[in-house]
Amino acid sequence: MLFQTTQEHEELRAKIRAFAEAEIKPVSLELDQTNTFPDEIVRKLGENGWMGIPYPKEYGGAGLDVISYAVRGEKK
């Protein structure tokens with residue numbers, strides 16, 4: 001089965017990439033070295049709706065599809 005991304009998927013990918021570059025990349029080495037959990041970053045991920053992407057809105061999720069979930073976790 002061939003899955004194709006939509007414009008919305010690509011916009012989500014760009015937003016998450018920009019967030020990771022701005023918020024995670026600058027502190028990732030320090031977090032690893034100090035064995036620190038990034039509470040503030042995780043809070044921001046939740047505020048953006050990226051922690052519950054595949055879960056229905058009635059359960060507190062974003063209600064997005066599995067392709068959005070895959071795009072969120074994709075590494076390039």
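**Figure 1. Contacts across the whole chain.** Take the contacts (heavy atoms within 4.5 Å) between residues at least 6 apart in sequence: 43% of them join residues at least 24 apart. This is a predicted model, where local features need pLDDT of at least 70 and side-chain atom pairs count only at pLDDT 80 or more, while totals for chains, interfaces and linings use all residues. Residues are numbered from 1 along each chain as its sequence is written, and side-chain values use heavy atoms, with hydrogens and water left out. You'll find four helices and zero strands here, giving the pattern α-α-α-α along the sequence. Both come from DSSP runs numbered from the N terminus (helices are H or I, at least four residues; strands are E, at least two). The C-alpha trace spans about 40 × 30 × 20 Å along its principal axes. Of the 76 residues, 21% count as buried (under 20% relative accessible area, with exposed over 50% and partly exposed in between, using a 1.4 Å probe and protein chains only).

**Figure 2. Helix 1 packing on helix 4.** Helix 1 covers residues 7-24 and helix 4 covers residues 66-73; their axes sit 9 Å apart at an angle of about 30°. Those axes are lines fitted to C-alpha atoms over the stretch in contact, and angles run from 0 to 180 degrees between N-to-C directions. The two helices are therefore roughly parallel to each other (angles under 35 degrees; over 145 is roughly antiparallel, 65 to 115 roughly perpendicular and the rest oblique). On the helix 1 side, look for His 9, Leu 12, Arg 13 and Ile 16, which meet Ile 67, Ser 68, Val 71 and Arg 72 of helix 4. By class, that contact has four nonpolar, two polar and two charged residues. Here Ala, Val, Leu, Ile, Met, Phe, Trp, Tyr, Cys and Pro count as nonpolar, Asp, Glu, Lys and Arg as charged, and the others, Gly among them, as polar.

**Figure 3. A close look at His 9.** His 9 lies in helix 1 and counts as buried, because its relative accessibility is 6%. Setting aside neighbours within four places in sequence, His 9 is in contact with Gln 4, Asp 65, Ile 67, Ser 68 and Val 71. Its side chain also reaches the backbone nitrogen of Thr 6 at 2.8 Å.

Figure 4. Thr 6 is in the segment before helix 1. At 35% relative accessibility, Thr 6 counts as partly exposed.

Notes. Polar contact = N/O pair within 3.5 Å; in protein donor to acceptor, adjacent residues only side chain to side chain.
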